[in-house]
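Colleague: I have the sequence and the picture open now. Please talk me through what I'm looking at, and spell out your terms as you go.

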Amino acid sequence: MPYEVEVFLTKILPASVGSGLVLLGLWRWRQATWPAAIAVTVGFVVGRVLTTKSAPEPWPVDSTQLIVHFALLALLVQLSGIASRVPKAARVAGRVVVGWVVPYLLLRTLARPPWESPLEQVLWFGALGGALFASWSGLEWRGKRLTGPAVPVALIVAATGGSIALVQAHAAGLGQTAALVAGVVGPVALLGFLAPDSKAGGGAASVAGVLLPVLWLAGHFFGDELPIASALLLTAAPLLSLRNWWLSGLLAALPTAAAVWLAIQANP
């Protein structure tokens with residue numbers, strides 16, 4: 001059996017089924033965003049456990065293994081939004097903190113960091129945190145205003161193309177994880193087709209909007225073979241979502257294709 005088929009059947013497909021079962025169990029709340037966030041997170045955790053063949057470590061030495069923790073953190077931020085007692089300002093502040101903490105935890109162990117002084121380090125993490133906060137918040141904002149499958153389709157396109165780019169950049173493990181994200185968002189897209197007035201895309205975006213940029217950052221900084229332009233294009237691709245799902249997919253495919261092409265050119 002080809003390796004790609006084995007990965008799909010033994011890891012991505014079970015994770016996708018897990019995501020779908022959560023959505024099915026929470027069907028009565030299909031109009032809300034939070035069930036999709038739970039479904040994507042549960043499916044992703046299932047896929048990671050099947051991939052690593054072990055439960056996530058509380059504090060792994062390899063910072064790229066923190067991606068499960070990042071998914072849970074993004075879910076926590078999403079669920080805090082439905083708590084009426086949490087002030088809006090506190091939710092925004094929490095999102096800002098998460099936007100800064102995630103790049104720091106991911107890149108703190110870089111062997112050859114691009115910064116040379118504490119000030120440069122602060123500036124780097126400030127810029128990366130600001131970019132993550134902006135893209136994450138913008139994507140979730142689009143997801144809450146666009147009903148149906150538009151945002152999930154754009155996420156699947158970006159995640160699938162990003163998986164190809166990461167494999168081309170000699171980061172097969174990260175590429176497999178990006179494909180896993182596409183797989184667990186798939187049932188959310190299906191929900192969007194079955195319930196066109198659903199805002200589940202916002203829930204998917206609240207988790208995938210953190211996971212995917214983390215993968216692009218890891219592909220660039222740890223392997224240094226995914227061009228930064230590819231990472232930026234892949235991050236921006238889902239933000240081009242429009243109300244029409246096929247047009248969203250087409251618009252997301254344009255920067256995604258450019259990102260893949262740049263990765264191919266950088267790794268002949």
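Modeller: One term to start with: helices (H or I, at least four residues) and strands (E, at least two) are DSSP runs, numbered from the N terminus. This is a predicted model, where local features need pLDDT of at least 70 and side-chain atom pairs count only at pLDDT 80 or more, while totals for chains, interfaces and linings use all residues. Residues are numbered from 1 along each chain as its sequence is written, and side-chain values use heavy atoms, with hydrogens and water left out.

Colleague: Okay, let's pick a residue. In which helix does Gly-203 lie, then?

Modeller: α8 covers residues 200–221. Gly-203 lies in helix α8.

Colleague: And does Gly-203 count as buried or exposed?

Modeller: Buried means under 20% relative accessible area, exposed over 50%, and partly exposed in between (1.4 Å probe, protein chains only). Gly-203 comes out at 0% relative accessibility, and therefore it counts as buried.

Colleague: Which residues is Gly-203 in contact with, leaving aside its neighbours within four places in sequence?

Modeller: Contact means heavy atoms within 4.5 Å. Gly-203 and Pro-35 are 168 residues apart in sequence, yet 6.9 Å apart C-alpha to C-alpha. With sequence neighbours within four places set aside, Gly-203 is in contact with Thr-33, Ala-36 and Ala-37.

Colleague: That brings us to α2. How far apart are its end C-alpha atoms?

Modeller: The expected span of a helix is 1.5 Å times one less than its number of residues. The 19 residues of α2 should therefore span 27 Å, and this agrees with its end C-alpha atoms, which are apart by 27 Å.

Colleague: Which helices do the buried residues of α2 pack against?

Modeller: The buried residues in α2 include Trp-34, Pro-35, Ala-39, Gly-43 and Arg-48. They pack against α1 (3–25), α3, α7 and α8.

Colleague: How do α2 and α3 run, roughly parallel or roughly antiparallel to each other?

Modeller: Axes are lines fitted to C-alpha atoms, for helices over the stretch in contact, and angles run from 0 to 180 degrees between N-to-C directions. Angles under 35 degrees count as roughly parallel, over 145 as roughly antiparallel, 65 to 115 as roughly perpendicular and the rest as oblique. Helix α2 (residues 34–52) and helix α3 (residues 67–80) pack at about 170 degrees, with axes 10 Å apart. Therefore α2 and α3 are roughly antiparallel.

Colleague: How many nonpolar residues are in the contact of α2 with α3?

Modeller: From α2 the contact takes in residues including Trp-34, Ile-38 and Val-45, and from α3 residues including Ile-67, Leu-72 and Gln-78. For the classes, Ala, Val, Leu, Ile, Met, Phe, Trp, Tyr, Cys and Pro count as nonpolar, Asp, Glu, Lys and Arg as charged, and the others, Gly among them, as polar. That contact has one charged residue, two polar ones and, in the nonpolar class, eleven.

Colleague: What about α2 and α7: is the crossing left-handed or right-handed?

Modeller: A crossing is left-handed if the near helix is turned anticlockwise from the far one by less than a right angle, and right-handed if clockwise. α2 and helix α7 (residues 172–194) pack at about 145 degrees, with axes 9 Å apart. Among the residues that meet are Val-40, Gly-43 and Gly-47 in α2 and Leu-180, Val-184 and Val-188 in α7. As for the handedness, the crossing of α2 past α7 is right-handed.

Colleague: Last one: how many charged residues does the contact of α4 with α8 have?

Modeller: The axes of α4 and α8 come within 11 Å and cross at roughly 35 degrees. Val-102, Leu-106 and Leu-107 of α4 make the contact with Val-214, Leu-217, Ala-218 and Phe-221 of α8. The contact has seven nonpolar residues, no polar ones and, for charged residues, none.
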